[in-house]
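Work through the exercises below with the sequence and the structure open beside you. Try each task before reading its solution.

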Amino acid sequence: MSEKNFVRSETTRNSLQELPTSCGVYILCNQNHQIIYIGKAINIQNRVRNHLQGDSASPLKRDMAEEITTIQFILTRDEAEALLLEEELIKTYQPHYNIRMKDDKSYPYIHFDARGDFPAVKIARRKTAKPGYFYGPYTNSKKARDGLKILRQIFLLRGCSIPESRFPLKRSCLDYELKLCCAPCVGKGSPSEYQDKVKKARSFLEGDYLEVTNWLEEEMWKAADRQDFEKAIQFRDRLDCLLKIIGRYRLVLPDSSDVDFIELENESNLASLVVVKVRKGRLIGIENFHAQGEENADRNYILNEFIENFYLDHFNPPTKICVQFDYNRNLQERIKEKGYSSIIELPRNTSELDLLHFAQENAQKNLQLEKIKALRQNLDHQHLLHELKNLLSLPALPRLIEGVDISTFQGDESVGAVVAFFDGLPLKKRYRKYIIREADHPDDFAMIEETLTRHFNKLIQNQTELPNLLVIDGGIGQLNSALKVLQKFSLTIPVLSLAKENEEIFLPGKSISLRLPPENSSLQFLQRIRNEVHRFVITFHRVRRNKKMFSSLLDDIPGIGPQRKQVVLSAFDNLTQILNYSPQELSRQLKIPSQSIIKIQKKISQKNMLAGKEGITSS
């Protein structure tokens with residue numbers, strides 16, 4: 001799902017009444033039309049009004065309120081969709097006042113599906129509108145996967161994607177042999193027994209170990225009384241596994257509280273946040289987050305932003321969030337709006353204060369590691385750029401490099417794309433997509449020329465910084481097309497092309513290509529740029545081709561008019577995604593009759609079957 005599926009509208013700060021009171025994403029701009037902040041809201045008008053009042057405890061937020069001149073907004077169907085769009089826009093534009101999680105990574109969750117009699121439990125990367133229960137996020141992917149494996153060892157829950165409509169199968173999969181699943185796919189166990197295991201697994205993740213240990217011990221003795229000693233041993237082993245896990249967690253609070261303790265250490269534009277998680281009075285884990293924000297941003301501002309823009313959207317909040325900073329009182333209202341009963345409080349006793357100090361110590365250590373890592377990374381990139389400058393005899397250090405590629409299939413939906421790297425790292429706000437308009441037949445050279453002509457025309461018009469180096473995906477022909485464009489604009493930007501077949505580097509005026517050993521760091525860096533622009537343009541091309549195929553397919557279905565067609569096209573980028581949902585579920589979400597959904601799914605299934613017979617792989 002991407003921004004192109006939505007319509008963006010705009011108003012000024014003096015016309016707040018024009019803002020909608022529904023769900024969506026708002027984009028705050030200054031007088032130079034620069035995006036300075038991006039957020040989401042259930043009620044856009046109310047949320048933007050709060051920003052404009054400038055009554056935040058943070059000086060940065062008050063400064064932001066004074067800068068706002070225009071407000072753009074994008075309506076979405078629900079809050080989950082708004083969250084996804086907000087994340088994508090923040091990554092793309094990197095606004096001045098948004099606190100960004102370092103590396104913009106999406107953290108894993110453990111997800112319990114809510115559909116069917118035997119729902120699966122899996123790792124999920126996004127907390128979206130997918131039905132079910134999410135636990136996390138976990139900042140360590142390996143620990144999340146290890147935790148899921150232990151969970152399945154104890155409760156024998158399935159982790160496969162096989163639809164229940166195919167049950168029963170003739171034989172179980174390897175997970176059953178590895179004692180990770182109870183094999184409901186072959187008829188083992190009843191739905192009620194399985195649902196009871198799901199309930200206990202969720203209690204376990206919520207910190208209620210006593211209920212689970214009592215259940216395992218009870219089942220062990222029941223099996224022993226029946227003289228089913230094999231079963232009893234299985235329950236004993238699972239109980240031992242659980243007791244070992246519980247043994248790692250020490251009692252840190254005198255009562256059975258569910259509390260998260262949040263602390264922060266920051267320096268320059270780096271910030272390390274630590275969440276110490278206590279459930280039923282026991283310390284069950286520590287999550288470490290790294291954020292990048294404005295230089296020397298106020299710690300209270302960062303912590304408020306963390307809770308508001310990340311914490312409330314991603315965590316399942318505990319009963320209490322314990323902090324030691326001047327938190328925004330509006331946060332408590334936002335928690336209630338989300339339907340949670342959590343409270344934000346300062347520490348009330350020595351135990352809670354000790355845990356905040358513990359969190360702060362962890363944050364200090366993590367920040368030191370981040371500073372060392374950032375320094376080492378910067379030195380590595382500087383060394384790499386100097387090496388590249390010497391290797392290619394460039395007039396200046398190639399701090400800003402752009403990669404160019406095109407994609408087509410028999411001349412259909414041809415597109416071009418440009419990606420940018422600054423100081424060795426991707427600069428996503430300079431990524432650009434171009435729909436090829438002039439070349440009406442498959443001509444790679446003409447398409448490269450059109451893409452670069454339009455790109456440089458835009459850069460020059462907007463007086464945007466020009467790249468220090470151009471990397472073209474292709475051979476000598478693509479290089480000559482790029483040179484033609486540079487001559488047209490009288491630009492002296494260094495350019496090269498990198499051919500994939502033999503990893504040859506073609507340079508202007510050189511009759512022989514440059515070949516470097518595979519382990520050469522400069523070659524690997526150029527390959528990284530080439531591969532990134534290739535990925536970016538292929539994804540864009542695939543989405544456009546799928547949309548076109550999908551669009552023409554919908555034209556043939558009775559009851560799907562232009563309005564319904566647009567709703568369906570906005571919801572899916574891939575033809576087959578619609579087959580993953582029930583007609584009733586899609587009907588409820590898209591506001592389209594279930595009979596029409598059934599017709600669409602039937603048409604897509606027929607098309608896939610036909611493609612399979614002809615040996616064509618459907619995108």
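**Exercise 1: Arg47 and its surroundings**

Task: List the residues in contact with Arg47, leaving aside its neighbours within four places in sequence. Then decide whether Arg47 is buried or exposed.

Solution. The structure is a predicted model.
- Step 1: Beyond four places in sequence, the contacts of Arg47 are Tyr26, Lys40, Ala41, Glu308 and Arg334.
- Step 2: Arg47 belongs to helix α1, which covers residues 44-53.
- Step 3: The cut-off for buried is a relative accessible area under 20%. Arg47 has a relative accessibility of 13%, so Arg47 counts as buried.

**Exercise 2: The nonpolar cores**

Task: Find how many residues the largest nonpolar core has, and which helix gives the most to it.

Solution. 
- Step 1: The largest nonpolar core has 39 residues. Leu28, Val48, Ile262 and Ile307 have the most contacts inside this core.
- Step 2: Helix α9, residues 299-314, gives the most to the core, namely seven residues.
- Step 3: Another core, of 31 residues, lies apart from this one; Phe167, Phe204, Leu216 and Ile284 are among its members.
- Step 4: Take Val48 as an example. When neighbours within four places in sequence are left aside, Val48 is in contact with Leu16, Leu19, Tyr26, Leu28 and Ile71.

**Exercise 3: The sides of helix α10**

Task: Which residues of helix α10 are buried, and why do they lie on the same side of α10?

Solution. 
- Step 1: In helix α10, residues 330-337, the buried residues are Leu331, Gln332, Arg334 and Ile335.
- Step 2: These residues lie on the same side of α10 because they cover an arc of only 160° around the axis.
- Step 3: Lys336 and Glu337 are exposed and sit on the face of α10 turned away from its buried side.
- Step 4: After α10 comes Gly339, with a positive phi near 90°.

**Exercise 4: The span and ends of helix α11**

Task: What distance does helix α11 reach from its first C-alpha to its last? What caps its N-terminal end?

Solution. 
- Step 1: Helix α11 covers residues 350-392 and has 43 residues.
- Step 2: From first to last C-alpha, α11 reaches 63 Å, close to the 63 Å expected at 1.5 Å a residue.
- Step 3: The N-terminal end of α11 is capped by Asn349, which has a side-chain oxygen 3.2 Å from the backbone nitrogen of Ser351.
- Step 4: Ser393 follows α11 and has a positive phi, near 55°.

**Exercise 5: Confidence**

Task: Where in the protein is confidence lowest, and where is it highest?

Solution. 
- Step 1: The protein has a mean pLDDT of 81, and 86% of its residues reach 70 or more.
- Step 2: Confidence is lowest in strand β5 (residues 100-101), with a mean of 69, and highest in strand β18 (residues 469-473), at 94.
- Step 3: The pLDDT is below 50 over residues 1-7, a stretch with 28 contacts in the model beyond near neighbours in sequence.
- Step 4: Where pLDDT is low, the predicted coordinates should not be read in detail.

Note on methods. Residues numbered from 1 in each chain as written. Predicted model: local features only at pLDDT ≥ 70, side-chain atom pairs only at ≥ 80, totals over all residues. Heavy atoms only, no water. Core = buried A, V, L, I, M, F, W, Y, C linked by side-chain atoms within 4.5 Å. Buried < 20%, exposed > 50% of the residue type's maximum accessible area, 1.4 Å probe, protein only. Helix = DSSP H or I, 4+ residues; strand = E, 2+ residues; numbered from the N terminus. Contact = heavy atoms within 4.5 Å. Expected span 1.5 Å × (residues − 1). Polar contact = N/O pair within 3.5 Å; in protein donor to acceptor, adjacent residues only side chain to side chain. pLDDT = per-residue confidence, 0-100. Arc of directions from axis to C-beta.
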